[in-house]
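Biologist: I would like to learn how to read a helix in a model like this one. Could we begin with its buried side?

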Amino acid sequence: NEIYFNGLFGRLPELPMDFAGLERRAEAAMSASLWSYVAGGAGDERTQRANVRAFDQWGLVPRMLVGAKARNLTVDLFGLELPSPLFLAPVGVIGLCAQDGHGDLATARAAARTGVPMVASTLSVDPLEDVAKQFGDTPGFFQLYTPTDRELAQSLVSRAEAAGFRGIVVTLDTWVTGWRPRDLSTGNFPQLRGHCLANYFTDPVFRSRLATPPEQDPSSAVLTWTQIFGNPLTWADLDWLRSLTSLPLILKGLSHPEDVRRARDAGVDGVYCSNHGGRQANGGLPALDTLPEVVAAADGLPVLFDSGVRSGADAAKALALGATAVGIGRPYAYGLALGGEEGMVHVLRTLLAELDLVMAVDGYPSLADLTPEALRRVHV
Ligand code: FNR
């Protein structure tokens with residue numbers, strides 16, 4: 001009812017209600033380099049676009065006379081009862097999307113207000129302990145880019161445990177940055193990376209590796225970081241990764257069913273199907289197309305999914321294809337850039353409202369009702 005009554009009383013939203021409008025406004029509001037960093041992807045961005053288009057190839061079949069007056073969007077994820085199946089995908093350097101530079105904290109506060117959990121990136125402007133303090137009752141997850149220095153990796157994970165994070169997401173597809181023409185054109189990386197190393201600069205193990213504290217010699221600290229940042233993990237590292245934590249361990253970037261089976265056998269708690277929003281490798285399959293095989297291979301393990309979700313209806317389709325929880329990426333970064341914490345809450349509320357209404361109108365009152373049977377291929 002909010003939809004028509006607000007109009008009746010002349011109340012208009014300050015921010016766009018749809019992704020296309022949000023994207024347009026964000027481009028106008030953000031600096032060229034920040035825009036290129038957030039909106040850009042790998043190569044000519046074909047995979048990035050395909051991620052979004054893949055959702056057009058599925059349609060939900062409405063069911064009538066179901067009486068879906070009340071909907072149940074709750075989901076059990078690693079024993080945590082969540083009010084909805086959405087989560088905030090890790091976005092490194094998200095801090096800079098907020099006017100005051102503290103977008104990590106704003107994101108965590110938006111998570112607290114909406115119950116949508118944040119997966120906090122290793123690459124943050126504010127240290128993970130400060131981010132975790134903003135979560136309220138909403139659980140948070142820590143995303144690890146695994147450094148070559150194993151003692152440092154353990155330190156980051158132990159700090160996340162001590163700070164109250166409820167799971168560790170290890171991202172596998174970004175031990176080296178992909179070919180990103182937009183960022184190469186704007187000369188972005190050196191400009192951005194110094195701003196996202198709070199977790200390293202505050203880390204006792206990292207500090208012990210420096211001759212001079214980062215406060216006195218930030219350039220050398222950044223250089224040291226570049227030497228230890230990316231680590232191309234192999235299957236041989238999986239036992240070690242598992243030994244880092246007793247928290248749920250989730251591997252991000254899995255698309256091939258054989259990889260999912262191996263991860264499962266190695267004792268991970270969840271798999272995260274994603275192609276990094278098409279930022280890492282161009283020329284790949286849309287992430288949504290890989291989801292059904294990942295779900296089948298996961299054989300009951302929770303499957304997190306992201307890449308290309310732009311609406312509540314998109315989230316419903318990913319859930320119907322078997323995702324346990326669905327990650328939002330760029331849309332929340334745009335909300336943050338346009339309206340800070342309020343902007344993010346706005347974006348999350350619009351996504352949740354649309355998901356809820358799609359479930360109502362199409363007659364799928366709970367997530368358990370959203371199965372592949374709810375979907376058909378679109379032929380146009
Ligand atoms: C990301 N992503 C990402 N993933 C990760 O594991 N650690 C990170 O630090 C980042 N950083 C990052 C920065 C920016 C600007 C973006 C847009 C994305 C990938 C992210 O978690 C997610 O996989 C994608 O955002 C999903 O694609 P869409 O839906 O945003 O297009």
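Modeller: In helix H7, the buried residues are Leu-152, Ala-153, Leu-156, Val-157, Arg-159 and Ala-160. A residue is called buried if 20 or more other C-beta atoms lie within 10 Å of its own, exposed if 12 or fewer, and partly exposed in between, with C-beta atoms placed from the backbone. Helices (H or I, at least four residues) and strands (E, at least two) are DSSP runs, numbered from the N terminus. This is a predicted model, in which local features need pLDDT of at least 70, side-chain atom pairs count only at pLDDT 80 or more, and totals for chains, interfaces and linings use all residues. Residues are numbered from 1 along each chain as its sequence is written.

Biologist: Which exposed residues does the face of H7 turned away from its buried side carry?

Modeller: That face carries Glu-151 and Ala-162.

Biologist: What do the buried residues of H7 pack against?

Modeller: Contact here requires C-beta atoms, placed from the backbone, to lie within 7 Å. By that criterion, the buried residues of H7 pack against helices H6 (128-132), H10 (198-201), H11 (204-208) and H12 (218-228), as well as strands E6 (140-144) and E7 (168-171).

Biologist: And how should I read backbone angles?

Modeller: Most residues other than glycine have a negative phi. Val-93, although not a glycine, has a positive phi of about 65°, and this residue lies in the loop between strand E4 (86-88) and helix H5 (103-114).

Biologist: Is Val-93 buried or exposed?

Modeller: Val-93 is buried, with 22 other C-beta atoms within 10 Å.

Definitions and conventions: Two residues are in contact if their C-beta atoms, placed from the backbone, lie within 7 Å.
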